[in-house]
Amino acid sequence: MASSSRRVNMEVMIKNYVDKAQNNSPSTCDEKVTNLEYSHAIMKTLNKYRKAEAFCDVCLLVEEVEVVAHRNVLAASSPYFERLLSSTMKEREQYKIRLNGIKAKVLKDVLDYIYIGDIVLSAEKVFDLIIAADYLMLSRLKNLAESYFLEDLNFDNCLSAWIFADRYQCPRLRAKARELVLANFFSITNTKEFLDLDMGYIVELLGSEGLAASDCEAFDAALKWIDHDHSLRAKHFDQLINYIDLTCLPDGYISRVIRSHEYARSSNLLKGAAKSVNVIAINSNETPSHGEPVGYHGNKAVLVVGGWERGKGGIASVNCYFPSLNKWCSLRNMNIARYRHGIAVHGHVVYAVGGSLEADDSCIECLDLNQPGLPWQRLLPMCSGHIGVAITFLKDYLYVSGGFCGKTLNTVQRYSPVTNTWEPVSPMMQAREGHCLIACGSFVYAIGGCCGQDNSEVLKGVERYDPPLDSWFPVMPMKTQRYGACGVELNQKIYVFGGQLNVYTEGPTIQTNFRTCEVYCPRLDQWNIIAELNIARLRSCAAAVGHRIYVFGGYLHGSYLDSVECYDSRKGTWTITSTVCMPSKLEGAACCAVQLKGEIFTSLLPMIADKGN
């Protein structure tokens, strides 16, 4: 009986304990306990089984060496194996699976990492580990190996590391290696690795910011690379020297190149440069800007068109700036005064769109740079005209986006000069005015601007138009909201300068004008801050000539600006062209860089000299 009583008491005690637990008594709350040592011990045991070839159900064949493993472990650790072993591919049913491009000794290290997370890194095998990790889609292992490689990066291996990182998509390694290559460019051009580079790398080097070489040294490097295999590379000569500012070459350099290189003698581009030197030397006693000899860019000019001038309002004037001479001359006016409009060049024709202050605000007009007298001609009007548009050319189409017409617009139209027709394309995701529209690569980018019921929302968002898909897609936004900024494409990058945080404000808040500037790399989808303007500017305009970018005019603290700033993309610095200002103080103008034919340029030289600025 006593035993039975004790059993009943025990059952009552257990029941009371369970009841308390079910009532969530604070003293009996559930607690989750994680034992990481347990899971690690399980994986260590599985790794022992693998090495003992126990319970294995797959055999990896590499360099005729067989390595066994467990399918479920491989699939859980690698998206590559997961797809391979769970798909309808024949490998799903096979016991032996061949892996190409991976070394057997490296695969054993990779399997140790997959099973227990341990890896021994060394300079001798880091290349092969990255290759294997990239092939097997082991992102964590790839990052570990890349970090190790970064610590071992130096002058001797930076060029090969740059190429390797590009091939196997190691962005951190690529950026650091490329930085070292640019910093040691002159020494690296004396290596066999440089001479064996593909054309794409040479183009990227010559067009890069931060290239530690003068234009003469860059030209010498291009010649050295071509001469290494001139029968196949001579055809690239004109393309390569496009990345070199020929205005910076010493006297007689171009003539010496033409005499000593047969492929240079057949280059119309270089012969034009030599001719420009002679034409300018005969017709002008002026010293070129930046103290440089004048070369092919003597024929390069920037057209600054329209804008708003105090006391006059919108204007139709066209002024031409020659960076090589640091001089201005005036050309024939447009047919219509324009303000906050767009201008773009395609071939030898310049197009002015939008911003008309007249009733016919949908009118566009063009300037044929090959036509004597440089007259403007009207073209087929847009579907609808408006102020605050942004325009750019991509391939054979002129794109016109956004603007203001009673409200901020997201519409996009494009014009074909070949057929002289307009057509609508997919609208932007975001209505915009006072924004930038810039073509880079195969896409069109809409950047910043403002929107909202009263245009009070200033944007930092960026979207990209894909013509084959007729669709817009968001990309990385700028670091700063910008209305009324200006922008330009140079060497496959997008530069954006100045602007303002608020839209239609006067007084103290106007100090939100920006001096800050940003550059966007589409390949990395990344914005970076660069050197600041000397003067904060709203509604200025910008154009690229050689490796320099010129920014004209704008608005600051209730004043209109006539100053010009020059950004050297190789040095990453700004200078103000203090010896010459614009012909008038303007904001809301538009500009573009153009190449003038020799005879047109020669005909303008007397006007340049007479201007006397």
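Colleague: At roughly what angle do the axes of helix α2 and helix α5 cross?

Modeller: This is a predicted model, in which local features need pLDDT of at least 70 and side-chain atom pairs count only at pLDDT 80 or more, while totals for chains, interfaces and linings use all residues. Residues are numbered from 1 along each chain as its sequence is written, and side-chain values use heavy atoms, with hydrogens and water left out. The axes of α2 (residues 36-51) and α5 (residues 104-116) cross at roughly 145 degrees and come within 8 Å. Axes here are lines fitted to C-alpha atoms, for helices over the stretch in contact, with angles running from 0 to 180 degrees between N-to-C directions, and helices (H or I, at least four residues) and strands (E, at least two) are DSSP runs numbered from the N terminus.

Colleague: Which residues of α2 and α5 make the contact?

Modeller: With contact meaning heavy atoms within 4.5 Å, α2 contributes H40, M43, K44, L46, N47, R50 and K51, and α5 contributes L111, D112, I114, Y115 and I116.

Colleague: New topic: how many disulfides does the count come to?

Modeller: The count comes to zero disulfides, where a disulfide is a pair of cysteine sulfur atoms within 2.5 Å.

Colleague: Is C592 buried or exposed?

Modeller: C592 counts as buried at 7% relative accessibility, and C450 is buried too, with a relative accessible area of 0%; buried means under 20% relative accessible area, exposed over 50% and partly exposed in between (1.4 Å probe, protein chains only).

Colleague: And the rings, how many aromatic pairs are there?

Modeller: The count comes to 29 aromatic pairs. Rings of Phe, Tyr and Trp (its six-membered ring) pair if their centres lie within 6.5 Å, and planes under 30 degrees apart count as stacked, over 60 as edge-to-face and the rest as tilted. One of them is Y321 with Y550, whose centres are 5.8 Å apart and whose planes are at 65 degrees, so the pair is edge-to-face.

Colleague: Where do Y321 and Y550 lie in the chain?

Modeller: Y321 is in strand β7 (residues 318-322) and Y550 in strand β28 (residues 548-556), so to speak distant parts of the chain, 229 residues apart.
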